[in-house]
Amino acid sequence: MKKMPIVAGNWKMNKLPSEVISFVDEVTKLVLDIRSVSVIFAPPFTGLFEMNVKPPFYAAAQNCHWEESGAFTGEISIPMIKDCGVDYVIVGHSERRHVFGETDEWINNKVRGLLSYGLNPILCIGETIDERKSGETALVLKDQLEKGFDSIDNIRDCIIAYEPVWAIGTGVTATIEQVQIAHTVIREIIGKNYGIGNDVHILYGGSVNSDNAKDLIQTKGVDGFLIGGASLDANSFASVIRTVEEVQENRK
Ligand code: PGA
């Protein structure tokens with residue numbers, strides 16, 4: 001793997017603004033010597049003001065609205081997020097799609113908006129258990145990719161997170177074979193549509209933890225992780241980062 005792997009922690013609706021600094025400090029101290037992994041913290045919006053990280057540590061928002069400003073009660077715009085020093089924004093997470101009814105069209109608006117402001121979208125895609133059982137996984141991934149990236153010529157600044165819905169927060173991880181197949185499918189689609197399959201990071205997400213991280217990061221086509229539950233504990237998150245760092249260092 002030529003590109004630097006990414007380990008991103010999606011805190012979802014967890015942690016108070018007053019807990020952000022000490023938590024981020026704790027994690028960064030545990031992995032201060034890393035050289036081969038980029039680490040992204042994605043706190044709730046209320047935590048973004050407190051984030052003050054330097055590479056290889058970065059901040060991400062978990063969502064955004066695509067309009068610059070206006071009468072959109074409860075929404076946060078991309079310039080507001082950018083003003084907090086954020087580099088990445090998670091878009092189309094399955095909880096946004098399935099709990100809050102986000103459509104592919106909104107997701108595409110967000111991806112386009114983010115790129116126009118020079119931020120990096122982390123586009124989440126993934127099939128439900130019913131779609132997997134009926135053999136539709138590849139079709140769903142293709143559909144979500146093509147709709148999410150509609151009218152975008154260059155996806156070089158985008159990150160894709162493959163997150164099978166049935167593996168998120170369930171403790172059930174996709175098997176190595178399932179992950180490898182899905183990542184290959186995604187890479188083929190983006191290679192065919194955008195001609196840059198190998199340059200784009202494809203992360204795996206869904207019950208990643210310190211026990212399964214080593215096998216998963218060694219899976220062909222996996223360029224890092226998007227982690228929910230295990231990113232909330234400093235030791236677990238640091239342990240995954242260290243595992244990815246060790247595997248990456250051994251590749252050199
Ligand atoms: P999980 O969440 O690691 O708790 O399964 C992953 C995600 O939602 O991004």
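At what angle do helix H5 and helix H7 pack, and how far apart are their axes? I looked this up first. Helix H5 (residues 104-116) and helix H7 (residues 137-148) pack at about 50 degrees, with axes 8 Å apart. Helices here are DSSP runs of H or I with at least four residues, strands are E runs of at least two, and both are numbered from the N terminus. Axes are lines fitted to C-alpha atoms over the stretch in contact, and angles run from 0 to 180 degrees between N-to-C directions. H5 and H7 are therefore oblique to each other; under 35 degrees counts as roughly parallel, over 145 as roughly antiparallel, 65 to 115 as roughly perpendicular, the rest as oblique.

I then listed the contact residues (heavy atoms within 4.5 Å). H5 gives Asp104, Asn108 and Val111, and H7 gives Asp143, Gln144, Lys147 and Gly148.

Note on the model: it is predicted, local features need pLDDT of at least 70, side-chain atom pairs need 80 or more, and totals for chains, interfaces and linings use all residues. Residues are numbered from 1 along each chain as its sequence is written, and side-chain values use heavy atoms, without hydrogens or water.

Next, the ligand. I checked polar contacts, meaning N or O atom pairs within 3.5 Å. A backbone N or O atom of Gly169 sits 2.6 Å from a ligand oxygen. The ligand alone exposes 280 Å², and the protein buries 95% of that (Shrake-Rupley, 1.4 Å probe).

Last, the backbone. I noted a cis peptide bond between Pro55 and Pro56, with omega about 10 degrees. Pro56 is in the loop between helix H2 (45-48) and strand E3 (57-61). Lys15 is not a glycine, yet its phi is positive, about 80 degrees. I placed Lys15 in the loop between strand E1 (6-10) and helix H1 (17-30).

Definitions and conventions:
Polar contact = N/O pair within 3.5 Å; in protein donor to acceptor, adjacent residues only side chain to side chain.
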